[in-house]
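Look over the structure below with both in mind.

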Amino acid sequence: MKHLRAKISLILLIALFLSSCNAVKRVEDDQRLLKENTIYVDGEEVSQRNIYNQLYQEPNKSFLGLPLQLYLYNLANPNPDTTYINWLQKKPKRAERLADILSEKQVVRLGNIYVNINEWLKETGEPPAIVSEEKSQRSAERLKAWYWNNGWFNAETGYEIIPTKKKRAKINYFVTPKQPYYIDSVTTKIASAVADSIYEAHKKNSLIVPGVQYKTQDYGAERERLTQLYRNNGLYHFEQEYISFEADTINTDHKVNSAIIIQNREATVDGVETRIPYKVHKISKVNIFPDYRYENRTEPITDTASNEGYNLYSFEKLQFKPGALTNAIFITPGTIYSDADRTLTYNRLNQLRIFKYPNIQYMEDPTDTTGTALVANVFLTPRQKYSLGFDFDLSQSNIQKFGIGFGGSLLIRNVFKGAEILEISGRGSIGSSKDAANDSDRFFDITEIGMDVDLTLPRILFPFSTEKFIPKYMYPFTTLGAGASTQTNIGLDKQSFTAVMNYRWLPNDKLTHLLDLVNVQYVRNLNVDNYFNVYRNSYLEINEIATSENVNAPEEFYTTNEQGERFLMIPEGADGFLRAARLGEVQGLTGSQSEILSDLRERKNRLTEDNLIYATNFSYILNKKENIYDEDFSRLRIKLEAAGHFLSAVSRLARIKKDETGRYSIFGVNFSQYVKTEIDYIKHWDLGRDNVIAIRTFGGIAIPYGNSNSIPFIRSFFAGGPNDNRAWQPYSLGPGSSGGRNEFNEANMKIALSAEYRFNLFGDLNAAVFADAGNIWNVFDVVEEEASTFTGLPDLKELALGTGLGFRYDFDFFVLRFDVGFKTYNPALEPENRWFSGYKLSKAVFNVGINYPF
């Protein structure tokens with residue numbers, strides 16, 4: 001009976017959905033659903049999105065040719081409240097029976113739920129795009145205006161509504177642009193001699209250029225340029241409304257003679273409205289109020305100071321060193337007024353995170369008789385000196401089944417009275433491990449605890465001045481940081497210590513430079529004996545060789561289970577077998593077995609050795625994204641890192657002896673030495689109507705040299721995961737065609753390429769189809785396995801390809817992402833089986849992430 005009900009319910013749901021799939025369900029008999037717009041220019045069909053954006057009506061959004069949002073809208077009942085009441089009253093005593101079962105209040109609530117569901121369907125869906133004669137006419141007129149604004153003054157437009165099948169139609173628009181107009185001469189009519197001289201000095205930067213086809217937007221851009229030019233060159237009273245243009249096209253043979261008209265400013269003199277010439281204003285005084293609050297605006301000043309011509313006035317005892325504040329102010333006494341200086345000041349004050357609501361006001365200097373001097377008053381309201389923060393999160397990964405993280409931070413502002421920020425943070429976590437070697441009697445068998453201290457200074461901290469190279473308009477910061485953490489019962493258990501001295505500055509609003517002058521990291525492995533429990537695949541490979549018939553090794557390495565099967569003990573047996581094989585004490589090994597053991601021994605040594613990394617790195621970040629809503633931008637990040645060069649030089653100068661492996665040690669640890677570079681490029685194209693194409697390309701390589709023959713695990717590359725190749729789990733792809741046979745596969749070279757087509761399904765639910773290609777390889781290090789190393793361009797055939805589909809729900813403050821990836825080309829398989837062998841739902845990889853992958 002239950003199965004029968006389920007089948008009936010499924011059939012009803014399918015029937016309901018199919019009924020909604022009638023696209024013209026809500027289209028009246030005298031209406032037609034718009035299926036397509038086509039624009040023809042001089043008889044040729046065009047596809048430029050900016051031209052189609054001029055149309056007032058568009059067909060309904062579709063996915064794979066299906067208007068899903070329209071179907072949702074059609075599912076909704078147009079009159080749900082009336083329908084519910086009629087349903088209640090359709091059968092005698094139905095309302096009474098429901099009230100007896102649920103209560104009268106619940107019957108009303110049930111109706112409200114039904115109404116709300118239908119309202120949600122209507123709001124989430126999209127009503128049918130009905131062909132409108134009026135909108136078609138307006139669209140044609142708007143097309144004509146667009147062509148006019150782009151220089152085709154004599155353009156003609158028209159349209160034709162073409163009925164197709166039942167209740168459907170398409171619209172063809174026709175444009176005949178005719179001959180365009182070009183700018184010929186540019187003259188000026190500037191009433192003010194001061195304004196005229198400024199214009200002439202910057203005339204070469206004009207955006208109205210003779211010989212260029214007329215565009216209305218060029219005149220708007222020129223108006224903005226002139227406004228900024230004048231307001232950044234002392235004309236404090238200048239407004240954009242004082243600029244106008246004249247364009248003469250009479251008997252000019254399709255040429256435009258332009259005139260730029262700039263009037264004197266309007267003013268009231270002795271009660272009479274008049275126009276007066278502009279004057280160049282200069283800053284006579286800059287007054288800074290570092291503890292201003294509205295409630296103390298009438299209180300007396302109790303503390304004052306001055307620095308480099310700036311005046312500081314405090315209502316209480318001054319809590320800042322004068323230089324710390326004046327370094328953040330770009331409005332300088334004795335210079336001409338500039339809007340740009342005020343903007344720079346606002347930006348810098350906000351970056352300091354010391355003040356809230358900075359306010360800059362100008363007033364004419366009452367002591368000046370020429371009327372050209374301005375006083376700048378900078379009002380600053382300090383934030384609270386101390387701030388506390390707490391965070392809590394839940395996590396799951398390929399290492400732990402379940403994890404709980406928690407942390408807290410104390411932020412102290414203006415800690416040394418130089419606008420510095422000191423942040424002390426602690427973090428901890430507990431989790432349940434997937435490692436069978438851990439104590440199964442305890443659910444929470446993973447612990448981690450750490451602490452970080454960061455001091456941020458609003459300047460470059462260096463032995464000599466860097467003002468010539470990094471002026472203050474580049475917003476420089478120095479961060480000094482130190483941290484320590486320890487984790488137990490996960491992997492090999494680790495202690496980690498870090499120290500960093502970082503510089504950050506912005507040459508312009510799109511470019512960021514980051515320099516870690518010193519970046520030190522020390523990692524100490526606490527539980528090396530657990531290696532073969534963590535890296536189980538490595539143990540299985542060694543054990544398979546050790547128990548093969550052709551191998552003869554000391555019996556002390558082995559033990560037996562209840563079934564009488566021999567296997568290597570952990571850790572003594574596996575370690576002893578590796579050591580004996582290296583010393584030639586294991587008999588019968590084949591060449592390939594010896595090579596495998598050599599690789600496994602090198603990998604174990606690299607992953608269990610303590611790491612000391614003393615690095616310097618520089619990052620160049622060019623981000624052309626205007627704001628969070630900009631979906632047509634590019635971002636380039638280039639990072640260069642060198643490690644070990646300083647310690648190597650110190651070791652040579654100090655005549656430190658090398659150990660038996662030919663390497664230097666500091667405090668008993670072989671420090672790492674390598675060079676590393678990464679290039680990451682992201683590009684988005686906005687196709688309109690929430691359609692976006694996004695690509696990402698990444699390339700990285702780290703080359704060991706000198707004191708190292710490999711790259712530390714924490715500085716190596718891995719592939720796979722929700723922000724990489726989504727058809728593979730993290731660390732499961734590569735290296736090369738080796739098949740990801742280790743638990744954590746990493747290498748020192750990486751290529752990653754990704755592309756997504758993103759679109760809206762309905763409401764806040766978006767979707768994407770994606771393709772990810774990439775892999776990791778070993779190069780110039782100790783790994784010699786052919787399948788794992790990159791030897792030349794032919795190895796690019798080992799680039800893995802994953803494709804799939806994703807869904808993203810936009811919560812405004814973050815995006816929840818769900819992606820399904822399929823192994824489309826798997827280089828780990830035999831060549832004849834590489835394509836589409838993993839294109840099955842049972843072999844799919846499911847990823848959950850926050851925000852977009854790139």
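This report covers the cavities first, then the nonpolar cores.

## The model and its cavities

The model is predicted. A search of the whole structure turns up four cavities of 30 Å³ or more. Rolling a probe the size of a water molecule over the atoms shows where empty space is left.

## The largest cavity

The largest cavity holds about 240 Å³ of space. Its lining is made up of 16 residues. Nearest its centre lie R603, N742, N778, V783 and E785.

About 50 Å³ of space lies in the second largest cavity. Residues that line this cavity include R606, E609, N611 and R663. The run S708, N709, S710, I711 and P712 also belongs to the lining, as does S672. Here the classes are five polar, three charged and two nonpolar residues.

## The nonpolar cores

The largest nonpolar core has 28 residues. Which of them touch the most other members? They are V286, I288 and Y362. Six elements are listed as giving two or more residues to this core: strands β10 (282-289), β12 (310-314), β13 (355-364) and β14 (373-382), and helices α10 (322-326) and α11 (339-352). The largest share, four residues, comes from β14.

Now take Y362. Leaving out residues up to four places away in sequence, Y362 touches Y236, I283, I331, Y337, S338, R342, L374, V375 and A376. A second, separate core has 24 residues, among them Y531, V534, I545 and F557.

Note on methods: Residues are numbered from 1 along each chain as its sequence is written. This is a predicted model: local features need pLDDT of at least 70, side-chain atom pairs count only at pLDDT 80 or more; totals for chains, interfaces and linings use all residues. Side-chain values use heavy atoms; hydrogens and water are left out. On a 1 Å grid over the protein atoms alone, a cavity is a set of points where a 1.4 Å probe fits but cannot get out, and a pocket is an open set with protein on both sides within 12 Å along at least five of seven lines; lining residues have an atom within 4 Å of a point. Grid points are joined across faces, edges and corners, and a volume is the space filled by probe spheres set on the points. Ala, Val, Leu, Ile, Met, Phe, Trp, Tyr, Cys and Pro count as nonpolar, Asp, Glu, Lys and Arg as charged, and the others, Gly among them, as polar. A nonpolar core is a set of buried Ala, Val, Leu, Ile, Met, Phe, Trp, Tyr and Cys residues joined through side-chain atoms within 4.5 Å. Buried means under 20% relative accessible area, exposed over 50%, partly exposed in between (1.4 Å probe, protein chains only). Contact means heavy atoms within 4.5 Å.
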